[in-house]
Amino acid sequence: MKILFVGDASNLHNCLAGALRQMGHEAVTASGGSLWMNTGRDINLARHPGSLGAVRYIADILRALPRMRGFDVVHIASPIFLSLKPDKLRHIFSYLKRHNGKIVLSALGTDYVYYRACHDGRTFRYSDYMVGDKPSPYVDSAEFIAQHQENWEQPFMKEYSDFIISQIDGAVACLYEYYAAYKPVLGDKVVYAGIPIDTESLRPIELNQEPEKVRFFIGIQRDRNVVKGIDRLLAALKDVHAEHPELCEICDVENLPYSQYLNAMRSSHVLIDQLYSYTPATNALLAMAQGLVAVSGAEPEYYQLIGEDDIHPIINVSPLIPGDIHSHLRHIIAHKDELPALSRASRDFVVKHNDARLIAQRHLDFWNTL
């Protein structure tokens with residue numbers, strides 16, 4: 001098959017394309033490289049700041065369009081698949097639909113459908129936007145304003161989302177959350193596939209004995225600190241470190257490119273990732289594939305969706321339970337003898353559920369039903 005991926009997030013499309021090529025298919029990626037992550041792509045559509053950058057960006061897209069024709073399947077990375085406003089994206093989408101076969105949505109980030117599901121009071125117990133029946137800290141943050149989150153409430157965004165949903169042939173969700181949001185909207189036209197991880201390229205850390213000190217690793221994204229709950233997770237981690245400096249240490253990094261980030265985490269034992277997630281996302285899975293233990297989301301709904309009853313290595317923290325973060329972090333350092341077994345289970349979990357070839361095959365199986 002010939003597959004085109006337009007847009008990307010956290011290297012998902014690039015990793016998937018690599019696995020498909022190994023399996024004998026032709027896969028092309030056109031993206032901006034996931035911003036500062038600078039991930040791989042075949043067609044570079046990185047947008048530079050300022051009005052001159054905007055003009056250059058449009059020119060780059062127009063030059064690239066002739067190379068984005070004649071594919072069996074085109075996957076767009078969410079309805080906002082390029083850094084353009086909806087009125088311009090409509091034209092790009094229509095061009096792709098006219099000149100290719102099937103158009104499939106990768107449900108992999110915040111969009112109108114996910115935003116509404118977070119606020120309907122039924123789909124999730126908590127989310128980026130709501131914790132129980134109250135707004136999350138993100139809603140009152142500068143991040144929320146800077147990222148124009150209020151736009152999801154505007155009629156033009158609903159209109160554009162409805163247009164995309166009416167035109168796509170199907171959708172593939174990478175997380176439980178996006179699957180749960182899209183299932184009521186698309187029914188059998190949406191499937192869950194998971195996040196692809198190139199496990200063969202990630203050598204696991206050999207943790208054969210209890211470490212003297214637990215080394216916690218936390219990656220800070222400058223513009224996503226509050227939405228991921230990193231602010232609360234880091235504060236709790238600092239509290240626990242102050243209580244037991246002889247038993248743990250903290251390694252924190254900020255906005256590193258993808259390759260540097262992978263190398264930076266390898267000297268640690270535990271990754272601190274997300275607070276408002278039901279599911280381990282790319283960051284946690286990359287760490288787990290290398291043998292780190294992940295503090296992230298792992299709710300029962302997620303394990304039920306993937307059919308996993310036995311291997312549960314992810315340390316799930318809940319924003320609904322007061323003191324839950326501190327409690328789990330204290331447990332880790334008090335029972336650091338459990339880390340070698342959790343490290344091996346973490347690697348096994350990702351190989352079993354998120355190996356890139358496995359995820360690629362799930363995509364192929366779905367495409368063949370369209």
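This is a short tour of a predicted model, stop by stop. Local features here need pLDDT of at least 70, and side-chain atom pairs count only at pLDDT 80 or more, while totals for chains, interfaces and linings use all residues. Residues are numbered from 1 along each chain as its sequence is written, and side-chain values use heavy atoms, with hydrogens and water left out.

**Stop 1: the sheet**

Select β10 to β14. Helices (H or I, at least four residues) and strands (E, at least two) are DSSP runs, numbered from the N terminus. The five strands make an open, parallel sheet in the order β11-β10-β12-β13-β14. Two strands pair if DSSP finds at least two bridges between them. β11 (248-254) and β14 (315-316) are the edges; each has a single partner strand, so one side of each lacks a neighbour in the sheet.

Zoom in on β10 (residues 214-220). Seven bridges join β10 to β11. Pick Gly 219: its bridge partner in β11 is Val 253.

**Stop 2: Thr 279**

Move to the loop between β12 and α10 (282-289), where Thr 279 sits. Thr 279 is buried, at 1% relative accessible area. Buried means under 20%, exposed over 50%, partly exposed in between (1.4 Å probe, protein chains only).

Show the side chains of Thr 279 and Glu 177: they make a polar contact at 2.5 Å. Such a contact is a pair of N or O atoms within 3.5 Å; within protein, one must be able to donate a hydrogen and the other to accept it, and residues adjacent in sequence count only if both atoms are side-chain atoms. Not counting residues up to four places away in sequence, Thr 279 also touches others, including Leu 175, Tyr 176, Ser 296 and Tyr 302.

**Stop 3: helix α1**

Select residues 12-22. Eight of the eleven residues of α1 are buried, among them Leu 12, Cys 15, Leu 16 and Leu 20. Their cover includes β1 (2-6), β2 (26-31), β4 (73-77), β5 (102-107) and α14 (356-367). Just after α1, Gly 24 takes a positive phi of about 95 degrees.

**Stop 4: two cysteines**

Stay on Cys 15, buried at 12%. Its closest cysteine sulfur, in Cys 174, is 12 Å away, too far for a bond. Cys 174 is buried at 8%. The structure holds zero disulfides, a disulfide being a pair of cysteine sulfur atoms within 2.5 Å.

Technical notes: Contact means heavy atoms within 4.5 Å.
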